[in-house]
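Open the model in your viewer and keep the selection tool ready. We will go stop by stop.

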Amino acid sequence: MNKYKILALGLLFDTIGYISFIIPGIGEFSDIVWAPLSGWIMTKLYKGKPGKIAGVISFIEEAMPGLDVIPTFTLMWLYTYVFSGKKNKVA
């Protein structure tokens, strides 16, 4: 999968995570569903140990109240494709 497609998906998934933060009342319910799903998606986008660690972090970030503002998917993309120096690392 193209790294820019992964970035676009990450931005979409971060936006989905923000919805629970923006809409009062349904946020708590949506986090029950979204937290494990976001962790699973993260492990599918990023393989190996980094993907597993990012999946756990994504799960915790979505499950904990008030942390929904952290763009976990975008940060993982930046770590993978900008800061780690791996230009062709693809899921």
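**Stop one: helix H3**

Select residues 48-63, which form helix H3. H3 is 16 residues long and spans 23 Å from first C-alpha to last, close to the 22 Å expected at 1.5 Å a residue. Note that this is a predicted model.

Now look down the axis of H3. The buried residues of H3 fall within an arc of 135 degrees, so they line one face of the helix. Select them: Gly51, Ala54, Gly55, Ser58, Glu61 and Glu62. Turn to the face directed away from that buried side. There, H3 carries the exposed residues Lys49 and Lys52.

**Stop two: the nonpolar patch**

Select Val56, Phe59, Ile60, Met64, Leu67, Val69, Ile70 and Leu75 and show the surface. Together they make a nonpolar surface patch of about 650 Å². Which helix gives the most to the nonpolar patch? Helix H3 does, with 3 residues.

Pick out Ile60, found in H3. Ile60 has 43% relative accessibility, so it counts as partly exposed; that class lies between the cut-offs of 20% for buried and 50% for exposed.

**Stop three: the whole chain**

Zoom out and colour by secondary structure. The protein has 4 helices and 0 strands. Along the sequence the pattern reads α-α-α-α.

Orient the C-alpha trace on its principal axes. The trace spans about 40 × 20 × 20 Å.

Finally, colour by accessibility. Buried residues make up 33% of the 91 residues.

Technical notes. Residues are numbered from 1 along each chain as its sequence is written. This is a predicted model: local features need pLDDT of at least 70, side-chain atom pairs count only at pLDDT 80 or more; totals for chains, interfaces and linings use all residues. Side-chain values use heavy atoms; hydrogens and water are left out. Patches are made of residues with over 30% relative accessible area and no salt bridge: like charges are joined within 9 Å, nonpolar side chains (Val, Leu, Ile, Met, Phe, Trp, Tyr) within 5 Å. Accessible areas come from the Shrake-Rupley method with a 1.4 Å probe; for residues, only the protein chains shown count as cover. A salt bridge is a side-chain nitrogen of Lys or Arg within 4 Å of a carboxyl oxygen of Asp or Glu. Helices (H or I, at least four residues) and strands (E, at least two) are DSSP runs, numbered from the N terminus. Buried means under 20% relative accessible area, exposed over 50%, partly exposed in between (1.4 Å probe, protein chains only). The expected span of a helix is 1.5 Å times one less than its number of residues. The arc is that of the directions from the helix axis to the C-beta atoms.
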